[in-house]
Amino acid sequence: MSLILFAFVVRVRDGLPLSASTDFEHNRELQERKRQLRTISKALPHFPDRGTVKGQELNIYFISTEGVSYMTVCHCSLPVAKAFCFLEDLRWEFTACFNSTVVALAARPYPFLEFDSTIQKLKQQYNQSGGPALEVTFAEVQEDLRIHPLQLINLDELELTNGTANGHMEQGPGSGQNVRLEPVTASGILSLVLNIMCASLNVIRGVHLMEYTFQDDYEGKWNVVAFLLAFVCCVVQCHLYLFHSSLKKLKSFTLLSAIVLCNMYLLGLRNVCQLIFHISVASLSTVLILTRKLQDRTNDCGV
């Protein structure tokens, strides 16, 4: 069984893919890890020189140096030190073939696809022999990892902090990347319609109540606040579903909590069925916001 499944070389400053290994496996988790590699590549300037992403059976490891990041997807049974020995060997091979000037001037994705043959040889060496030829190298890497532990990357937070506009990820110049949110589903359209309906009911009731509150009953001002706050929360829920945002989980649950509290406060002005309707719509929207994932449309150039 192959322990090193995929290798990826990218430029740090903009995440431009430089080279990658050709693979013929259709492992579902492997495809997911490859998608995550591209997500990581967009945020490399914010990461330390070494890091890892833990998966169910496959892990991601990467090192960045001299403006280039070397990344790999390995089986979880492979020792971490051997994975980084592989990345170090990959780095030496790449720098021997391509200097920093050539890398800096690269303008299109995968300009060094011919490096795939070198990657395949390294993968074969590690998958068949089990590691580097020099045990002292393995021992040194192992000791270095003990002294300087890897940073564990939280991909949920990473994807949320890669800002988007109109559902698209921000892209570096010349990166050739095109990552967007998954298409809006029928249930998503339904939740948007219901949310807009709830928002309209809240703002109409709030404005109507406001006219009487500030004329006769100032004690009812908190009811107005509750209606208007619920209106704002419904609108923001629609925005979170349509557009990617940082800290999406935190915002989603905060909005849901606010809507629940507002409706509970309005218990005297709304019957139980109305409360259940508003809270159910908010809950549905929260679930759909959290389950709408990023869709990667990167052209792999046959890799």
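In what order do the six strands of the open sheet stand?

1. The model is predicted. Six strands make up an open sheet of mixed pairing, and they are ordered E2-E1-E5-E4-E3-E6. The edges are held by E2 and strand E6 (151-152); each has a single partner strand, so one side of each lacks a neighbour in the sheet.

2. At the E2 end, strand E1 (residues 4-11) runs antiparallel to strand E2 (residues 17-20), and three bridges join them. Val10 has Pro17 of E2 as its bridge partner. The two strands, E1 and E2, form a hairpin with five residues between them. Gly15, in the turn, has a positive phi of about 75 degrees.

3. Strand E4 (residues 58-65) and strand E5 (residues 68-75) are also antiparallel, joined by eight bridges. Ser64 stands opposite Ser69, which belongs to E5. As a reminder for reading the sheet, side chains in a regular strand alternate between the two faces of the sheet.

4. Turning to the helices, Asn263 is part of helix H9 (residues 248-265). Is Asn263 buried or exposed? Asn263 counts as buried because its relative accessibility is 1%, and the cut-off for buried is under 20%. The Asn263 side chain reaches the backbone oxygen of Ile259 at 2.7 Å. Apart from neighbours within four places in sequence, Asn263 is in contact with Arg270, Leu275, His278 and Ile279.

5. A nonpolar patch on the surface is formed by Val184, Ile189, Val193, Met197, Leu201, Leu242 and Phe277. Together these residues have about 540 Å² of accessible area. Which helix supplies the largest share of the nonpolar patch? Helix H7 (residues 186-213) does, with four residues.

6. Phe277, one of the patch residues, sits in helix H10 (residues 272-291). Its relative accessible area is 30%, so Phe277 is classed as partly exposed; that class lies between the cut-offs of 20% and 50%.

7. For the chain as a whole, there are 10 helices and 10 strands. Of its 303 residues, 45% count as buried. The protein chain exposes about 15400 Å², with carbon and sulfur atoms supplying 60% of that area. Among contacts with a separation of 6 or more, 70% are between residues 24 or more positions apart.

Terms used: Residues are numbered from 1 along each chain as its sequence is written. This is a predicted model: local features need pLDDT of at least 70, side-chain atom pairs count only at pLDDT 80 or more; totals for chains, interfaces and linings use all residues. Side-chain values use heavy atoms; hydrogens and water are left out. Patches are made of residues with over 30% relative accessible area and no salt bridge: like charges are joined within 9 Å, nonpolar side chains (Val, Leu, Ile, Met, Phe, Trp, Tyr) within 5 Å. Accessible areas come from the Shrake-Rupley method with a 1.4 Å probe; for residues, only the protein chains shown count as cover. A salt bridge is a side-chain nitrogen of Lys or Arg within 4 Å of a carboxyl oxygen of Asp or Glu. Buried means under 20% relative accessible area, exposed over 50%, partly exposed in between (1.4 Å probe, protein chains only). Two strands pair if DSSP finds at least two bridges between them. A polar contact is a pair of N or O atoms within 3.5 Å; within protein, one must be able to donate a hydrogen and the other to accept it, and residues adjacent in sequence count only if both atoms are side-chain atoms. Contact means heavy atoms within 4.5 Å.
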